[in-house]
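The exercises below ask for a careful reading of one structure, each with a task sentence and a solution in steps. Please keep the sequence and the model in view while working through them.

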Amino acid sequence: MKLALTFLLPFALVAQAPSRLAAGYDSIHASDLRADLTFLASDALEGRMSLERGSEVAIQWIAAEFAKAGLKPMVGDSYLQPVPLVEYRADRAASSLTLKINGTAETIQATGNYPHDGVYSGRVVFAGFGITAPELDYDDYAGIDARGKVVLVFNHEPQEDDAKSIFNGKGNTRYANVRAKMFIAARHGAVAMLVMPDPNHPQGRVRGPLDSPQQGRAPAARAPRPIQAIADEASIPVFNISAETAAKLLKDAAALQSSIDATLKPASRPLDAEATLRVVNALRKRQLSWNVLGLLPGSDPALAAETIMISAHYDHNGLAGDGGIYHGADDNGSGTVGVVALAKAFMKNPAKPKRSIVFVVYAAEERGLLGAYYYAAHPLRPLDTTRAILNFDMIGRDEAPSSQTNGLIDIAADTSNEVNIIGTKYSPDYRATVVKANEYAGLHLNYKWDEDTVLSVLFRSDQYPFLMHDIPAMWWFTGFHPDYHQTTDTAEKINYAKMEKILKLAYLSAFDFGDSANPPKFVARPKQ
């Protein structure tokens, strides 16, 4: 009997979708995905750089597709949520960090980008790893007063080489990111933050700050571009300092880290030092970009106020310095056309989910998840009623060894039927729903990136700002490849058959999230 079931299993994996969902499921076709992506990644859109012409074309195309699908606008009669940005370029020669230690002042080399000119100064207080995580019973700020101070923090997080650590074992938690630490410092009243390397960082891993969702993203050579940030965001300046500079402030750093790792008790304390960060920008101008959103209202009046979100980002890296184009077919034309395809599929299906679905394609992800951070701060539906998020970023290729991953993570020899789901430790319920839906799609589901501490993938796409709000938000990702962030990421290299299967899996999963009496729960303290 067992042998017979083994032979029958492949046929079950490609069974027809449930009849009430079949119209939408069957409407997702590789040929349509190819047609849309061939346009979105064409030369005409010039790489869809945020705030540039090609990006504006993408915005209008997505909005038009949402309108044709029949989604409801969410900003009055518009599908566009304005995202106010500031574009700036630091004046390195004029910017500086001055430390006054034991009465002696020294101006030193440090790096940092901040859109607001000014002088930010205060006494220095050491705040461990800069983490306040009540659900983990951990708080580096316990017992210190950071108000009006410049906080000095370690990069990374405690016990990152301990498989039994409450900080996701050897993986990262949502607190390892420097942007998260910056917001925590700001909530505690700090005026600025200095980030130093953690001295006991395990050998063989990438060192340096986890200071950006874009860490490790190195496009081919091109002229330097201005940085973008959310205008008027409640942020504070962050400067990265070297281990040598940090040693002048904190001579017993290694012992302090060892103590924190051993006890998970704060070792924070005021330091006999003052810091002055002088920020000068050579360029600064405000501009608008746009998130593109459409709504499918829920069919159940009792549940329609609750939300499922299906998301991606439309921007990429624009024009290369040599005249080439960063086409961004996989990154993230694939996710963008995926959201559009799912919007059409849900609208074509006669049965509609009980909860409402928001389809959103974000601005300026490549510049630092700016559209997603802006929406999280200015949601059009309450975040506390958002039950699950499916975020697509690069769902069109087969994962393959590349300079991004060589020597850092294992990649299967054949990934032509594989998709990574990232973040499921924060919601086993979410994972279980996708596994159940996969009985129809028949993909190989991989969760290896949940153990990553090297490439910091958890922080590198638009689901991350929502994880910080305790929402089950997962990244659907087919992995890195040699064309990642290169001009060779073009539409003809997409595995459209696999992309179709991924979107059909997402369709069934999202429908389940929308209908289930028990939507996925967020687990703030995942089990190891």
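**Exercise 1. Describe the lining of the second largest pocket, by residue class, size and origin.**

Step 1. The lining of the second largest pocket divides into 17 nonpolar, 3 polar and 7 charged residues, where Ala, Val, Leu, Ile, Met, Phe, Trp, Tyr, Cys and Pro count as nonpolar, Asp, Glu, Lys and Arg as charged, and the others, Gly among them, as polar.

Step 2. This is a predicted model, in which local features need pLDDT of at least 70 and side-chain atom pairs count only at pLDDT 80 or more, while totals for chains, interfaces and linings use all residues. Residues are numbered from 1 along each chain as its sequence is written, and side-chain values use heavy atoms, with hydrogens and water left out.

Step 3. The second largest pocket is lined by 27 residues, and Phe183, Arg187, Tyr373, Met468 and His469 are those that lie nearest its centre. On a 1 Å grid over the protein atoms alone, a pocket is an open set of points with protein on both sides within 12 Å along at least five of seven lines, a cavity is a set of points where a 1.4 Å probe fits but cannot get out, and lining residues have an atom within 4 Å of a point.

Step 4. The volume of the second largest pocket is about 550 Å³, a volume being the space filled by probe spheres set on the points, with grid points joined across faces, edges and corners.

Step 5. Helix H5 (178–187), helix H9 (370–377) and helix H11 (464–467) each supply at least two residues of this lining, and H5 gives the largest share, 6 residues. Helices (H or I, at least four residues) and strands (E, at least two) are DSSP runs, numbered from the N terminus.

**Exercise 2. Find how many cavities of 30 Å³ or more the whole structure holds, and describe the largest cavity.**

Step 1. A search of the whole structure finds 1 cavity of 30 Å³ or more, and the largest cavity has a volume of about 90 Å³.

Step 2. The residues lining the largest cavity include Asn168, Asn172, Lys425, Tyr426, Trp449, Asp450 and Asp452, and by class the lining has 5 nonpolar, 4 polar and 3 charged residues.

**Exercise 3. Work out how helix H3 packs against H8 and against H4.**

Step 1. Helix H3 (residues 30–40) and helix H8 (residues 329–348) pack at an angle of about 135 degrees, with their axes 9 Å apart; axes are lines fitted to C-alpha atoms, for helices over the stretch in contact, and angles run from 0 to 180 degrees between N-to-C directions.

Step 2. H3 and H8 are therefore oblique to each other, since angles under 35 degrees count as roughly parallel, over 145 as roughly antiparallel, 65 to 115 as roughly perpendicular and the rest as oblique.

Step 3. The residues in the contact of H3 with H8 are 6 nonpolar, 3 polar and 2 charged.

Step 4. H3 and helix H4 (residues 53–69) pack at about 150 degrees with axes 11 Å apart, and are therefore roughly antiparallel to each other. Asp36, Phe39 and Leu40 of H3 make this contact with Val57, Ala58 and Trp61 of H4, contact meaning heavy atoms within 4.5 Å.

**Exercise 4. Which backbone features are found at Asn332 and His156?**

Step 1. The peptide bond from Asp331 to Asn332 is cis, with omega near -5 degrees, and Asn332 has its place in helix H8.

Step 2. His156, a residue other than glycine, has a positive phi near 65 degrees, and His156 is found in the loop between strand S7 (150–154) and H5.
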